Amino acid sequence: MDKLSVDHLLGIKSLKKSDINLIFKTALHFKEIINRPIKKVPTLRDITIANLFFENSTRTKISFELAQKRLGADVVNFSSSSSSVKKGESLTDTVNNILAMKVDMIVLRHPNPGSPLLLSKNTNSCIINAGDGAHEHPTQALLDCFSLTENLGDLKDKNILIVGDILHSRVALSNIYALNLLGANIKISCPLSLIPREIESLDVKIERDIIKALKWCDAVNVLRVQKERMEKSYFPNDREYSMLYGLDTTKINNIKKDILILHPGPINRGVEITSEIVESNNSIILDQVENGVAIRMAVIYLLASKMNFSISEQ
Ligand code: CP
């Protein structure tokens, strides 16, 4: 059986193209399973997974939990607001205590970049990064690229545009790493204040003219402005942002071609994208959410195999 090159999923940066292809192939199999009347397999019935979310989440948390349950794993959920973290316990101590209860795998969302790496070095467990601050969100990038591949085929030489708050976005960085591995051409479009300094070292081109950028691309991934990561505003106001960079019918009609529309969620309708575009025929936003479960099943299954956890026949 093919194996991942990594023991944890800390970020796309640590993956190879062959890892992504293996995850996609496995996700296709799980997508077929979760569309059957009986969506559940007993594959991971002997493993226990803890979901540790220190930041809010709707999609990622529910998607991981469904993925784990559909693989037959036992699942425990941890909420930082009602835990002993509030009494001053360190992240490593918290996780080591959870692991002492015979938990096999940890899914971690944390506001501090590098927290999953820290746990991978200081605990004896398999760690999956479910988003660490403004650093990486690897399963989101995998499900985005999987959804693109379903619609566009091989992403080599496909033109993918990312519009929005690139500076504060873990989704942008993980997508850039993944799209580069898959051979896509990448452009970003956003206000100058939301462009990270190191962007051009990541083989990404900047196109400030949103109409030119939209005419160039096969697909656009629209990102939310992450006000929770901003101490002050990076542009005058939402109205101006949405006039210049928000995706609306005027801009889409102007480009006179069909492009795929993606958004990782949560959506701020009327700011970075209008309801008409969210609900348009070219939007694959809910397909991304559906694919998220299959991608997370694939990641968990492949890491469990790599770690030689007990796996039952499907
Ligand atoms: N896309 C995403 O990470 O959404 P949540 O914050 O709701 O998990």
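In this predicted model, α2 (59-70) and α6 (170-181) each contribute at least two residues to the lining of the largest pocket; helices (H or I, at least four residues) and strands (E, at least two) are DSSP runs, numbered from the N terminus. A pocket is an open set of points on a 1 Å grid over the protein atoms alone, where a 1.4 Å probe fits, with protein on both sides within 12 Å along at least five of seven lines, and lining residues have an atom within 4 Å of a point. The lining comprises 21 residues, and Asn56, Arg109, Arg170, Arg224 and Pro266 lie nearest the pocket centre. Four of the lining residues are nonpolar, ten polar and seven charged, with Gly counted as polar and Pro as nonpolar. Because domain 1 (12-136 + 290-304) and domain 2 (138-289) both give residues to this lining, the largest pocket lies between them; the domain bounds come from an automatic or database assignment.

Helix α2 also belongs to a right-handed β-α-β unit with β1 and β2. Here β1 (residues 48-53) and β2 (residues 74-79) pair in the parallel sense over six bridges, and asparagine 51 stands opposite asparagine 77 in β2. Pairing requires at least two DSSP bridges between two strands; right-handed means that, with the strands pointing away from the viewer, the path from the first strand over the helix to the second runs clockwise.

Residues are numbered from 1 along each chain as its sequence is written. Local features need pLDDT of at least 70, side-chain atom pairs count only at pLDDT 80 or more, and totals for chains, interfaces and linings use all residues, while side-chain values use heavy atoms, leaving out hydrogens and water.
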